[in-house]
Amino acid sequence: MNVMHYKDYTARIEYDDEDEIFFGKIADIIDGVGFHADTVVDLKAAFHEAVDDYIETCAKIGKQPQKPYSGKMMFRVKPDVHRRAALAAERAGKSLNQWAEEALDKAAG
């Protein structure tokens with residue numbers, strides 16, 4: 001996967017062979033923020049401009065800019081599921097967090 005990073009934001013990058021342009025979209029936020037350019041150098045500049053413009057626009061309209069996911073998840077499960085997961089993690093020689101991250105990553109594809 002081709003990605004770029006700037007100010008805690010990540011963009012997924014693709015290439016359109018028909019139009020011969022690179023294009024990207026800020027990942028991990030619901031607001032649709034995209035950008036494009038003909039060269040990688042220009043694409044990087046367009047990404048930075050898109051992020052800066054997004055943050056500035058949110059400030060102007062009094063909206064909190066969405067932030068990428070923090071990586072912290074809190075959810076409840078049945079006690080039996082918690083017990084079985086903890087035992088599976090222990091058998092794998094991992095913390096419950098490590099084990100759960102691997103299981104979620106595998107399930108999310």
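**Ground rules**

I am working from a predicted model, where local features need pLDDT of at least 70, side-chain atom pairs count only at pLDDT 80 or more, and totals for chains, interfaces and linings use all residues. Residues are numbered from 1 along each chain as its sequence is written, and side-chain values use heavy atoms, with hydrogens and water left out.

**Entry 1: the sheet**

I looked up the strand order and found an open sheet of 4 strands, β1-β2-β3-β4, with antiparallel pairing. Strands here are DSSP runs of E with at least two residues, and helices are runs of H or I with at least four, numbered from the N terminus. Two strands pair if DSSP finds at least two bridges between them. β1 (3-6) and β4 (34-37) stand at the edges with a single partner strand each, so one side of each has no neighbour in the sheet. The twist averages 25 degrees from one strand to the next; angles run from 0 to 180 degrees between N-to-C directions of axes, which are lines fitted to C-alpha atoms, for helices over the stretch in contact.

Next I went through the pairs. β1 and β2 share 4 bridges, β2 (residues 9-16) and β3 (residues 21-26) are joined by 6, and β3 and β4 by 4. For orientation on screen, I noted that His 5 stands opposite Thr 10 in β2, Glu 14 opposite Phe 23 in β3, and Gly 24 opposite Phe 35 in β4.

**Entry 2: faces of the edge strands**

A reminder to myself: in a regular strand the side chains alternate between the two faces of the sheet. In β1, Met 4 and Tyr 6 make up the covered face, while Val 3 and His 5 are on the uncovered one. β4 has Phe 35 and Ala 37 on its covered face and Gly 34 and His 36 on its uncovered face.

I checked His 5 itself, and this residue is exposed, with a relative accessible area of 58%. My cut-offs are under 20% for buried, over 50% for exposed and partly exposed in between, with a 1.4 Å probe and protein chains only.

**Entry 3: positive phi in the loops**

Most residues other than glycine have a negative phi, and most peptide bonds are trans. I therefore wrote down the exceptions that I came across. β1 and β2 form a hairpin with 2 residues between them, and Lys 7 in the turn has a positive phi of about 45 degrees. Asp 8 is in the loop between β1 and β2, has a phi near 65 degrees and is exposed at 65% relative accessible area. Asp 28, in the loop between β3 and β4, has a positive phi of about 70 degrees and counts as partly exposed at 34%.

**Entry 4: domains**

The domain assignment gives domain 1 (4-61) and domain 2 (79-108); such bounds come from an automatic or database assignment. Their C-alpha centres lie 35 Å apart.

**Entry 5: the largest pocket**

The largest pocket holds about 780 Å³ of space. Its lining has 18 residues, with Met 73, Phe 75, Asn 97, Ala 100 and Leu 104 nearest the centre. α2 (79-91) and α3 (96-108) are the elements that give two or more residues to the lining, and α3 gives the most, with 8. I sorted the lining into 12 nonpolar, 3 polar and 3 charged residues.

For the record, a pocket is an open set of points on a 1 Å grid over the protein atoms alone, where a 1.4 Å probe fits, with protein on both sides within 12 Å along at least five of seven lines; lining residues have an atom within 4 Å of a point.

Methods:
Grid points are joined across faces, edges and corners, and a volume is the space filled by probe spheres set on the points. Ala, Val, Leu, Ile, Met, Phe, Trp, Tyr, Cys and Pro count as nonpolar, Asp, Glu, Lys and Arg as charged, and the others, Gly among them, as polar.
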